[in-house]
Amino acid sequence: MQGFQTLFIPGVLIYVFLGFFIGTFFGAIPGLTATLAIALLLPVTYSMDIIKALVMCMGIYMAGMYAGSITAITINIPGAPAAIMTAIEGNKMMQRGQGAKALGQAAFASIIGGTIGSILLMIVAPFAVKLALLVKTPGKFSLILFAFVVVILVQRKSIAKGAVATILGIMITTIGIDIMQPARRFTFGIDFLVQGIDLMPLIIGTFAISELLIQSEKSCNEYQLVNKEMLNQKIRRKDFLPSIKEIKEIGLMIYIKSALIGYFVGVLPGAGGSMAAFISYAEAMRSSKNPDKFGTGTLEGIAAAESANNAVCGGALVPMLTFGIPGDAVSAVVLSVLIINGLQPGPRLMTTQFHLVAPMFAALFLSALIILPLTLYMLGPYFIKIVSINRKILYSSIALVAMVGGYVSTYSTFQMLMTLITGIIAYFLRKQNYPTVSLLLGFILGPMIEKYFRRGLYISEGNPLIFLTEWDSIVFLILIVVFYYFMAVRRPIDIKEAIEKIDLNNLK
Amino acid sequence: MAKKNILERINSTSLLAIILIIANSIYLIEGINTAPPIKNGELGITFFPIVISVLLYIAAICILIAGIREKSVLSFNLSKISKPSAVIFITFIYVLIFKQIGYILSSILYVLSLMLLFEDETGFKTKKLLNIVYSIIIVLLIYLLYQKIFGVRLPVGEVF
C-alpha cells in the first residue's frame, strides 16, 4: 500500500507515463519489443533513481504487451510475438471492416488481464517470499536447474537449440575471473578478456544489435507497402470501446480464466506473453460454444489472448523478485536493471528493501487499469501512425543508442566491441531460430548456478549427494522430473491440433 | 549438379552446428589448459565449464544430425549477406575511432553511414543533405540526453 503513496509523487508518476509511451512505441513497431526498450534504457538506469527506473520499466512492460495488438489487427504484423493470436483473429475482423471492434476488444481484455495480474502479484508476493526464505543453497542450485529445464523444454520445437542457447549464455559468462577464486579463466591469452564481458553489452548486443542486423537484410519494399496500407486506415476514437453486449457474449469468465492462465504461465521461467496468449487461446477455443469460428475473426480469441498476455506481467515478476529467476524475457531484463544497480533480488529485497520494489507493483496496476484506457482514448487513432516512422532514422538511432549504451556501462570501448560481437552471435542464432530468451537466461543465471553448485559442494565438503539429500533441493529435482514428463513425454496434443487447424483457416 | 556426398548436403543448420562444435572445442581446450578439473579430489575452477561444454557437444551433435537429415541445401546468397556485413563493418570502425576522435564526430559519421545504408528512396543528391542534417540532429539529441540529463561523460577525442 505504501507503494501507492510513493507512486503518486509527481516526479515518480511521470516516469510511469513515460515508460508507458515508450512501451507503446516499441511494442507497436514490429521488430521492436518492450525487451529491447528496457535493454536500451539499461545504461540510463545507472544514473537514474532506481524507483523511477523500475516504475518506468513497469509502464513499458504493460504497454508493450498491449501495443503489439495494434499492428497485429490493422496490418497483420504483430508488433510483439505475444500478439500473434490477436493478429490471426483481429486482422480477419479488420478485413471485414470491424477493425475498431477488434482494437477495442484487445484493449479491454488487456486492461482486465493486466489488472488481475498485478493484483495477483500483490497478493501472492508475500507468500512467495516466505517460500523463498526456506530455500537454502542446495535448493537454490536445483531451483535454477529447474528454471533452465523449464526454459529449454518450453521451446517444444527444438529442445536442442534451446539447450545450446542456454549453455552458450552460461559459457560466455565464464570468461574472465573465476567467481570464487582469484584466477583467470577462458581468457585465451587476450588480456582484455580478463574483465569478462559485462552484462549490459551482452543484453544490448543480443537484442538491439541483432535486431539491427536482421532488419538490415529486409528490403525496404516490404516496409513501404506496409506503410501505404497503414495510412489508408481511419479509425475514430469512439470505436475503441467495446460494447457491453459484446462483453456479455464473450462472458466474463473468459477474461478471468485467460488472465489466470497468463499469470501462471508468466510465473514459469522463460515462458512469456506469446506462450500465455497461445495457451489461453487454445483453451478458449476448446471450451467455446462455437469453436469453428476461431480463425475467422472472433472477439473471443482476441479477448483470451490479450487478457492472458497482459496478466503475464504480474506473474513473471513473482519468481523474478523473490528468487531472482525471471518469468519471461522482459522481467529478465528488468532483473538486469536491479543487478546493475546493485540490488539483489530475493527475500532480502522483498523485506528490508521493499520500499524500492513496492512502487513497481503499484505502477503495474496503474498502467493496466488507468493509463491504458486513458492513452487509448486520447491517442488511439494516432497509434497507427507510429508505424510509419522513417525506417532509416529509426534504426540508425537505435544503433547509436545501443552502441553508446555499450560504452557507457564501463566507459570502455572494449565492452562496446563486445556489444557488437554479442550482437553478431545473437544474429546468427536468431536466423536459425535459436531462442534468445534461453541465451538471456544463460547470461543472467549462469554465474548463479555455478556459484550455488560450488558453494553447495563446499558446504558438504565435496559430497555431491548433498543435492539429493537436502529436502529443498529434492523438491525442485522432483519438479524437474514432473515437468519433463508433462512436456516431453505426454505431449499436449490438443495444442498441436489447434495450430494445424488455425493454419488451415488462415490461408492467405 | 546432384552430388550426393556429405559436403554437398551441408545446410545452414548443420553449418552452424559445426561452427558451434569447433568453438566448443576451443573452449574445452582452453579450459583444460587453464587448470585440471579435478585436483586432489577437489573440484577445480574448470570443472563446471567442462561439464557444460560436454553438454553443449551433445546438443550440438543432435542439431547436426537433424540438419543433415533435412532436405534443404545451403543457399549462399551473397546479396542477402551484404547489408548485415556492411553494418558490422561500419560498427566495427565506429568502435575503433570512437575514443580517438570523440563521440560527436564519430557518431555523426556512424549514423550517416547507417542512414545511407538503410536508405530506400531513390533520388540521390537532394537527399544527401537531408541525411546529414538528420544525423547531426540525432547525434546531438543523444549527446544532450546523456551528457546533460544523465550526467554521463562521452569522449571528446584524444587526437585533438
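Analyst: Start with the whole chain. Of the 508 residues of chain A, 59% count as buried, meaning that 20 or more other C-beta atoms, placed from the backbone, lie within 10 Å of a residue's own. This is a predicted model, in which local features need pLDDT of at least 70, side-chain atom pairs count only at pLDDT 80 or more, and totals for chains, interfaces and linings use all residues. Residues are numbered from 1 along each chain as its sequence is written, while chains are lettered from A and ligands numbered from 1 in the order in which they are written.

Now the core. A nonpolar core is a set of buried Ala, Val, Leu, Ile, Met, Phe, Trp, Tyr and Cys residues joined through C-beta atoms within 7 Å. The largest one has 204 residues, and A:I38, A:M62, A:I144 and A:V164 touch the most other members. Helix α4 (residues 50–75) of chain A gives the most to this core, with 17 residues. Helices here are DSSP runs of H or I, at least four residues, numbered from the N terminus. Domain 1 (6–69) and domain 2 (78–149) of chain B both contribute, so the core lies between them. The domain bounds come from an automatic or database domain assignment.

Take A:I38. Leaving aside neighbours within four places in sequence, A:I38 is in contact with A:C57, A:I60, A:V330, A:V333, A:V334 and A:V337. Contact means C-beta atoms, placed from the backbone, within 7 Å.

Then helix α7 (residues 137–153) of chain A. In α7(A), 16 of the 17 residues are buried, so the helix is largely enclosed by the rest of the structure.

Methods. Buried ≥ 20, exposed ≤ 12 C-beta atoms within 10 Å, placed from the backbone. Helix = DSSP H or I, 4+ residues; strand = E, 2+ residues; numbered from the N terminus. Expected span 1.5 Å × (residues − 1). Contact = placed C-beta atoms within 7 Å.
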